[in-house]
Structure formats: C-alpha cells, structure tokens
Amino acid sequence: MSQPSAQPEFLPPEALRLVDGQYADRPHLRPILDAVLAALPPLGPVTIEARQTLVSLVTPRRTFALVQPTTKNRVDLGLRLEDPAPGPRLLPAKNLGAATARIALTGPAELDAEALGWLRLAYEQNTAPAPPRPKPEPTPLTVVIETLGLPGRIFCAGPDAPRFQNVHLACAAPARTGSA
C-alpha cells in the first residue's frame, strides 16, 4: 500500500485515490510528487488535476506542468516551456501531453533550485495572457440587392409563413471622399 500524501489539503479524496494508484507499485517515488506539490504555493494559483497516470498542474490559463511516475525508479516533471534549450537536466519531452521538456527525478532532493527555476519559468510563461492577435484589416463589403417587387410595409413569404408588418429597406449612397 502506498504512503499517505504529505499534502492531503491539495487533493480531494477521488484525486488521492488516483494518485495512490499511480504510486501503488512504487511508493518510494511518492515523496517526489509531494515535494513538487509543496513547491507550488509560492508560484501562485495552481489547480491540481489527478488523472489515471499523471498529475496535471494548471494555471488559470492552461496546463504548465505535469508529474508522472514514468518508470519504477523515475518520475518525470514535464514542463510546457517556450523554446526550451535541452541540456543535461532539461530533456525533450516524449509522450507527456502538452509538455515540451522534462526533468527526470529519482528522489525529492533532485527537485533543487535549478528544477524549481524551470518549474517557475513554466508557470510564468503559461500564466501570462496569450499575445494579442493582430486585428484583420477591414475590407469593403459590397451588397447587391436585385428585386422586382419590394415587400412593402407588410410582408408574408407564403400562406403558412409568419406575417411581418412595418418592414423597411434602406439603401445609402457610398460616402464621397475629397472636397466638394
């Protein structure tokens, strides 16, 4: 049986059940998850979503990280980073959802200042609002109305159709440019 979570206030009972299932055959890795959860409060608002195989960490905007017991001896801390530069600790993410990089952790002590710095950067990059989209250039709209008989002030499209009263159609001449 897995060890109880060190941070039960973070997770509701159903989420704890899912997490317990993730670490049932590898209880020695559970303290890594607990260390990651303990590091979250200084970052800001984070929603913790437990899944069958991983725990997602979500900012008010979107998922910024996840914690997944990947092997019997390793937990991957997946991070959603813009243009991650892989290095000795920051590895490319594979099969980790929205994560672009990962840090392999084999013990809670490996969640050191460097790893916490990457976690903070992922949080900051995924908390900021998305860059504004450029507004499309307005294009002229041409409407052509061809008719032989306008409906008049009362209009009915057929015997079973609703009857409309006080129907108006207005057309305006294009605006003139230049001086008069």
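**Close-up views of a predicted model**

At 0% relative accessibility, Arg-30 counts as buried, where buried means under 20% relative accessible area, exposed means over 50% and partly exposed lies in between (1.4 Å probe, protein chains only). The model is a predicted one, in which local features need pLDDT of at least 70 and side-chain atom pairs count only at pLDDT 80 or more, whereas totals for chains, interfaces and linings use all residues. Residues are numbered from 1 along each chain as its sequence is written, and side-chain values use heavy atoms, with hydrogens and water left out.

**View 1. Confidence along the protein chain.** The mean pLDDT (the predictor's confidence in each residue, from 0 to 100) of the protein chain is 84, and 82% of its residues reach 70 or more. Over residues 1-8 the pLDDT is below 50, although this stretch has 18 contacts in the model (heavy atoms within 4.5 Å) beyond near neighbours in sequence.

**View 2. Arg-30 and Asp-34 in helix α2.** Arg-30 forms a salt bridge with Asp-34, the closest N and O atoms being 3.5 Å apart; the term stands for a side-chain nitrogen of Lys or Arg within 4 Å of a carboxyl oxygen of Asp or Glu. The two residues, Arg-30 and Asp-34, are 4 residues apart in helix α2 and are therefore separated by about one helical turn, helices (H or I, at least four residues) and strands (E, at least two) being DSSP runs numbered from the N terminus. Asp-34 is also buried, with a relative accessible area of 9%. Side chains of opposite charge can pair when their charged atoms come close.

**View 3. Arg-26 in the loop between α1 and α2.** Arg-26 is placed in the loop between α1 (13-22) and α2 (30-38), and is buried with a relative accessible area of 13%. A salt bridge links Arg-26 to Asp-25, with the closest N and O atoms 3.0 Å apart, and Asp-25 is partly exposed at a relative accessible area of 41%. A polar atom of the Arg-26 side chain lies 3.3 Å from the backbone oxygen of Pro-69. Leaving aside neighbours within four places in sequence, Arg-26 is in contact with Pro-69, Thr-70, Thr-71 and Lys-72.

**View 4. Asp-76 and its polar partners.** Asp-76 is found in strand β4 and is buried, with a relative accessible area of 3%. The side chain of Asp-76 is joined to that of Thr-70 by a polar contact of 2.8 Å and to that of Arg-102 by one of 3.2 Å; such a contact is a pair of N or O atoms within 3.5 Å, where within protein one must be able to donate a hydrogen and the other to accept it, and residues adjacent in sequence count only if both atoms are side-chain atoms. Asp-76 also meets Arg-74 in a salt bridge (2.9 Å, N to O), and Arg-74 is partly exposed at 22% relative accessibility. Elsewhere, salt bridges that share partners join Asp-20, Arg-30 and Asp-34 into one network, and the structure holds 10 salt bridges.

**View 5. The largest nonpolar core.** This core, a set of buried Ala, Val, Leu, Ile, Met, Phe, Trp, Tyr and Cys residues joined through side-chain atoms within 4.5 Å, has 33 residues, of which Leu-40, Leu-57, Phe-64, Val-67, Leu-77, Leu-79 and Leu-119 touch the most other members. The elements that give two or more residues to the core include α1, α2, β3 (63-71), β4 (74-79) and α3 (113-127). Leaving aside neighbours within four places in sequence, the contacts of Val-67 include Tyr-23, Leu-33, Val-36, Leu-57 and Leu-77.
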